[in-house]
Structures are given as structure tokens and as C-alpha cells.
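Biologist: Could you walk me through this one? I'd like to go over the salt bridges and then one of the helices.

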Amino acid sequence: MIWQDGILCSTGKAIKGDRMIGPLRVWPPERSKLAALYYLGSGPEIIKTDQILYLGAASGTTVSFIADYADVVYAVEIAPEPLAKLLDVCNNRMNILPIPADAATPLVYAPFVSTVDLLYQDIAQKEQVEIVLNNLVFLKSGGYLILMLKTRSVATQEDPEQICSKAVSKLQNAGLDDIKVTWLDRYHRDHAAIVCKKRDLKEL
């Protein structure tokens with residue numbers, strides 16, 4: 001990752017609203033949960049050969065920064081308004097492949113997605129964990145999963161720590177290891193970033 005005097009940046013073409021440091025785009029933690037994770041915790045390094053599946057791409061802000069680092073980003077979004085903004089972002093980044101689909105139905109886009117190095121999800125729905133597990137088939141062995149868990153979307157009355165603990169258990173039962181939880185409250189209220197790794201069958 002590119003840090004300039006303690007500020008996370010990328011090297012891609014600027015889009016509307018970007019702050020720049022010379023030729024570098026500032027990747028602000030207030031606008032991106034993934035950037036917040038890099039500031040507060042330890043997200044996996046994204047490298048130029050990485051292929052990434054992004055579920056819940058929204059208007060493409062975080063997608064655009066990831067695309068500055070990665071080879072290909074498959075960006076899944078179903079809501080019409082953010083999808084339109086995402087398509088604008090794609091006009092300037094040919095390595096983003098927009099997929100207008102519901103992440104809860106991965107069979108719809110399975111023919112268009114390769115096996116990926118990183119599976120990233122930011123979807124504020126009650127069944128967040130189930131959705132990401134249904135997409136686990138796309139993640140290669142040894143690849144990373146990042147789940148941005150919005151606890152209030154799962155249950156408003158339940159303790160966020162308990163909601164997160166249940167999510168971690170489900171991920172462990174699905175074959176994910178090295179699970180680390182980073183709470184993003186400093187930048188994004190009620191969000192926990194869960195980073196884990198798909199068990200590498202070669203190591204068994």
C-alpha cells in the first residue's frame with residue numbers, strides 16, 4: 001500500500017471529490033471502510049496481480065481505489081442509483097467490471113467471474129454473513145475475505161459484540177482461518193471489519 005507521510009494514497013486518475021497530494025489520490029478513511037481498516041487494523045496488501053470480487057460496490061468510491069492497486073475488480077451492485085454512479089467510475093478505469101446483479105444470487109454472475117484473490121463485501125443487510133458465504137466459491141484457497149459487518153443491520157437490539165462473535169463462528173465453520181476483527185467506530189459507526197483467510201488445501 002502507498003503511504004505518504006502517514007496518509008494512505010493511490011496512484012490512479014482522480015475522480016470528483018478527490019483530494020490530491022501531488023499526483024497521488026488521498027484514500028480517506030471517512031469515505032471508505034477499507035481505508036479505515038488500513039488505518040486502524042491490518043488489511044491484506046493489494047498487489048498489481050490481484051483479482052478481486054467486490055460485493056456491494058455502491059457508487060464505486062472504494063472500488064476505484066482498489067482498482068488503482070489491483071489487476072481486475074468485479075464490482076457487484078444491484079441498486080439503480082449507485083449503479084449509475086459506479087458506471088461513471090468505470091469509464092475511467094478499464095479494470096473494473098461492473099456486474100448489475102444481486103450479490104445474494106451468485107449463480108447469476110458466476111459465468112463472468114474468475115477465481116479471485118480477495119473477496120470483499122460491504123452490504124448492509126440482515127443476511128450479510130450468509131451472502132458472503134454463498135460467494136465463497138469464488139475465493140481461491142489461501143485467498144483473503146474481508147467482511148464489513150454492519151451490526152445494526154443484523155439486529156438493532158442485540159449486543160454488537162455478540163453479533164460479531166456469531167459471524168466469526170459462521171466463518172470459522174465455513175473453513176476460514178486467521179480471523180481478525182477490527183472495529184471501525186472511529187470512522188464508521190457500528191461496523192466491524194472481519195478479515196480472514198480461506199484454508200489453503202495444499203497445507204492440509
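Modeller: A word on terms before we start: a residue is buried when its relative accessible area is under 20%, exposed when that is over 50%, and partly exposed in between, using a 1.4 Å probe and protein chains only. This is a predicted model, so local features need pLDDT of at least 70 and side-chain atom pairs count only at pLDDT 80 or more, while totals for chains, interfaces and linings use all residues. Residues are numbered from 1 along each chain as its sequence is written, and side-chain values use heavy atoms, with hydrogens and water left out.

Biologist: Fine. How many salt bridges does a search of the whole structure find?

Modeller: The search finds 10, where a salt bridge is a side-chain nitrogen of Lys or Arg within 4 Å of a carboxyl oxygen of Asp or Glu.

Biologist: What does Glu158 pair with?

Modeller: Glu158 meets Lys166 in a salt bridge, with 2.8 Å from N to O. Glu158 counts as partly exposed at 22% relative accessibility, and Lys166 is also partly exposed, at 48%.

Biologist: And which residue does Lys170 meet?

Modeller: Lys170 forms a salt bridge with Glu130, again given as N to O, at 2.8 Å. That pair links distant parts of the chain, since Lys170 lies in helix 6 (residues 160–173) and Glu130 in helix 4 (residues 128–134), 40 residues apart. Helices here are DSSP runs of H or I with at least four residues, strands are runs of E with at least two, and both are numbered from the N terminus.

Biologist: Is Asp190 buried or exposed?

Modeller: Asp190 counts as buried, at 17% relative accessibility. Its salt-bridge partner is Arg152, with the closest N and O atoms 3.8 Å apart, and Arg152 is partly exposed at 32%.

Biologist: Which residues are linked in a network of salt bridges?

Modeller: The network links Asp18, Arg25, Arg31, Asp68 and Arg93.

Biologist: Switching to helix 3, which residues are buried there?

Modeller: In helix 3, which covers residues 80–90, the buried ones are Leu83, Leu86, Val89 and Cys90. They lie on the same side of helix 3 because they cover an arc of only 110° around the axis, the arc being that of the directions from the helix axis to the C-beta atoms.

Biologist: What's exposed on the other side of helix 3?

Modeller: Pro80, Glu81 and Asp88 are exposed there.

Biologist: And what do the buried residues of helix 3 pack against?

Modeller: They pack against helix 2 (61–69), strand 6 (72–77) and strand 7 (96–100), where contact means heavy atoms within 4.5 Å.
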